Amino acid sequence: MNTNGVLAALGDPTRRQIFESLRSGPRSVGELAAGLPVSRPAVSQHLRVLKEAGLVSDRKQGTRRLYRVDPGGLEGLRDYFDGFWGEALARFADEARKEQG
Amino acid sequence: MSTTATEAIRKTVLVDFPPEEAFDLFTARIASWWPVRTHSYGGEQVTDVVFEAHAGGRVYEVTPDGEQDWGTVRAFDPPNGFLLEWLIGEASSTEVEVRFTPEGPGSRVELEHRGFTASGPRAGYAGGWDVVLAPFVESASKKG
């Protein structure tokens, strides 16, 4: 899992939409494409990026391949906020130092 | 299937202010130090950050277009600490708790952000990650 990958993957609005759809349950490429103004190949391409970022995983079920949110993706969100709070607290401490000095 | 709870984020910082002042700087005067350019929805458009000093209060940013909530104050106990319900989308929330304790002439500020769970979406959940991540991702990519 790499945070840059997660942020880059979710930096695209269509990928965020796909990721959101999967939060309500596993879907096939066809089902995802039906709800989006993009082609099936485009959806597949986006899914590949999301998969590489560790945000979604897939599994073959009969003749269909279903995609779902990978719980490991939460690690990416957590990592993101880890950096977020690290920076925020550093700024807080800087301000305290400035005012003291 | 088991519920996956990702470990909480914990951060500690030491400041020379006693807890009373550190608490005040973190809450009432949050706008004086919060890095809005990178840590907000509106980025450079943000003109103010408001932390309402009571349980049930809102924490939000102000831009010329209006206000955007970051979370809700669940507990407000100066100078010991506060608890926020930190929004990740409309119906998906996490908790941020900040504690201030005396340490020498200053204080220790401990932050915990918890509740990253994969229990699945709740009814009405829509665009949650979009809401929280879009502005941050944009500013993060601009920075790089």
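Analyst: What follows is a set of questions about the terms applied to this predicted model.

User: What makes β2 and β3 of chain A a pair of strands?

Analyst: Two strands count as paired if at least two bridges are found between them. Between β2(A) and β3(A), which covers residues 64-69, there are six bridges in the antiparallel sense, so by that cut-off they are paired. One of the residues involved is A:Lys60, whose bridge partner in β3(A) is A:Arg65.

User: Why are β1 and β2 of chain A said to stand at the edges?

Analyst: The open sheet has three strands in the order β1-β3-β2, with antiparallel pairing. Because β1 (27-28) and β2 (56-61) of chain A each have a single partner strand, one side of each is left without a neighbour in the sheet. Helix α2 of chain A, residues 13-23, packs on this sheet and touches β1, β2 and β3, its direction making about 95° with that of β3(A).

User: How do you know that the buried residues of α2(A) line one face of the helix?

Analyst: A residue is called buried if 20 or more other C-beta atoms lie within 10 Å of its own, and in α2(A) the buried residues are A:Arg15, A:Arg16, A:Ile18, A:Phe19 and A:Leu22. Seen down the axis of α2(A), these buried residues fall within an arc of 160°, and therefore they line one face.

User: How much of chain B is buried?

Analyst: Of the 144 residues in chain B, 26% are buried, and the secondary structure of this chain comes to two helices and nine strands.

Technical notes: Residues numbered from 1 in each chain as written. Chains lettered and ligands numbered in written order. Predicted model: local features only at pLDDT ≥ 70, side-chain atom pairs only at ≥ 80, totals over all residues. Helix = DSSP H or I, 4+ residues; strand = E, 2+ residues; numbered from the N terminus. Contact = placed C-beta atoms within 7 Å. Axes fitted to C-alpha atoms, helices over the stretch in contact; angles between N-to-C directions. Buried ≥ 20, exposed ≤ 12 C-beta atoms within 10 Å, placed from the backbone. Arc of directions from axis to C-beta.
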